[in-house]
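Student: I would like to learn how to read helix faces and pockets. Where do we start?

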Amino acid sequence: MEAPVFIEAKSLVKNYKRIQAVKDLSFTVFKGDIFGFLGPNGAGKSTTIRMILSLIRQDEGDINIFGLPLRKNRNRILTGIGALVEEPRLYEYMSAYGNLEMLGRLSGKSISRNRIMEVLSLTGLDERWNSPVKSFSHGMKQRLGIAQAIIHDPELLILDEPANGLDPKGMKDMREIIVRLNREFGKTIFISSHILKDIELMANRMLIIDHGAKVVEGNVQELLNAAESDLKITVSEPDRAVAVLKDKLGLTDLIIDHEGNIVLKANREHVPEINKLLVDNGLKIFSLTPVNSLEKYFLDKT
Ligand code: ATP
C-alpha cells in the first residue's frame, strides 16, 4: 500500500515582475519520505518552499498538505510543520536552552525542560546547552535552527538548504540528524539543496528543478542507476585498452581525453565487467570513476 500523501503540489506558477520563477510545477511528497529538492542556484527552490509555507501565494496551481487544501486550512496545516528557511532567528546573547525556552514562551505554549534537553541532545548541542549562541559556530547555529523547527514535534519538516555554507563535517552532522529524525522519529522531511551528493546520501525520493520547471522526479537510486554515465578510466597503455574494449565489448563511443584518460558511455552495471576485462588483459587500472549524467548536470551548472 502506498504511503499517505503529505504534500501535493499541482501546476504551481509564480511570477515576479519579469521572471517566471516557478513554471507549472507538480510533485508529490509521501509520508515517511526524505524528499530531496534539488536545483542549481536561482532554480526556484526558495520560491517553491515559500509557497508551501504560505509565506507567498502562488499565481496559479494548488497545494494540498496532509490531504487538505492549504488555502483553506493554513493554520491547521502550519501547526504540523517545522521549518528552517534561510538563517535561523536566534538571540545571540542567550544560551541555546534560553532560545528554545523563549520560542515556547512566544508561541504561548510552555515547553518542558525535558523536551528542550531532548531536542538539544538530538541536535548534538546538549553539552553546550548553557553557552551563549554568539559563541557558536555556523554549523551549531544551523543545528539550533533545526532544534527550533522540531521543538513542537511536527510531523513534517521543511528545510531550505540547511547545509549551505557548512564544511564537510558540518554537512555530515546535518545529514546524520536528518536521517535520525526520519528513521527514529518518523518525521517526513522536505529538504532543498544544490548538491546532488548531499541528497543522494540521505533522500529516498527527489525532485530536480531548473529554471523553475521540473527536470525529473522519482526514487533517488532508480534515477541515478537509470541515468547514463560517462566512465573515466585511468589505465596503463590507454591505446591498447581502447582496442580491447572495442574488440571484446564492441564499444564504439569512447575517446582518450587530453590527460590520457579513457572516457566512454556506460551504465553503472557495466562497470564491473569493464574492470574485469581490462585486468584480465594485463592492463593496470589506476582509477575508474563513473560520472553520472545527473552529477555531470550539476557539476556543469554549479
Ligand atoms: P538559491 O539556491 O540561489 O536560493 P533558488 O533555487 O532558491 O536559488 P529562488 O530564490 O526561488 O531560487 O529564485 C528563483 C528566481 O526568482 C531567481 O531568478 C530569483 O532571482 C527570482 N526571485 C526570487 N525572489 C524574488 C523577488 N522577491 N523578486 C524578484 N525576483 C525574485
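Tutor: With contact. Two residues are in contact when heavy atoms lie within 4.5 Å. Keep in mind that this is a predicted model.

Student: Which elements do the buried residues of H10 pack against?

Tutor: Strand S11 (229–235), helix H9 (238–249), strand S13 (262–266) and strand S14 (285–292). Buried here means under 20% relative accessible area.

Student: Which residues of H10 are buried?

Tutor: Helix H10 spans residues 271–280, and its buried residues are Val271, Ile274, Leu277 and Leu278. Seen down the axis of H10, they fall within an arc of 130 degrees, so they line one face of the helix.

Student: Why do residues three or four places apart point the same way in an α-helix?

Tutor: Because an α-helix has 3.6 residues a turn.

Student: Which exposed residues does the face of H10 turned away from the buried side carry?

Tutor: Pro272, Lys276 and Asp280. For exposed, the cut-off is over 50%. After H10 comes Gly282, with a positive phi near 75 degrees.

Student: Now H4. Which of its residues are buried?

Tutor: In H4, residues 113–122, the buried ones are Arg115, Ile116, Val119, Leu120 and Leu122. They sit on the same side of H4 because their arc around the axis is only 160 degrees.

Student: What covers the buried residues of H4?

Tutor: The cover includes three helices: H3 (96–106), H5 (138–150) and H6 (168–183). Gly124 follows H4, and its phi is positive, near 70 degrees.

Student: How does the lining of the largest pocket divide by class?

Tutor: Into 14 nonpolar, 9 polar and 6 charged residues.

Student: What about the second largest pocket, what is its volume?

Tutor: About 210 Å³. Its lining includes Met51, Arg57, Asp62, Asn64 and Arg74. Strand S4 (residues 60–65) gives the largest share, 3 residues. By class, the lining holds 5 nonpolar, 3 polar and 4 charged residues.

Conventions:
Residues numbered from 1 in each chain as written. Predicted model: local features only at pLDDT ≥ 70, side-chain atom pairs only at ≥ 80, totals over all residues. Heavy atoms only, no water. Buried < 20%, exposed > 50% of the residue type's maximum accessible area, 1.4 Å probe, protein only. Helix = DSSP H or I, 4+ residues; strand = E, 2+ residues; numbered from the N terminus. Arc of directions from axis to C-beta. Nonpolar A, V, L, I, M, F, W, Y, C, P; charged D, E, K, R; others polar. 1 Å grid on protein atoms, 1.4 Å probe; cavity = no way out; pocket = protein on both sides within 12 Å on 5 of 7 lines; lining within 4 Å. Points joined across faces, edges and corners; volume = space filled by probe spheres on them.
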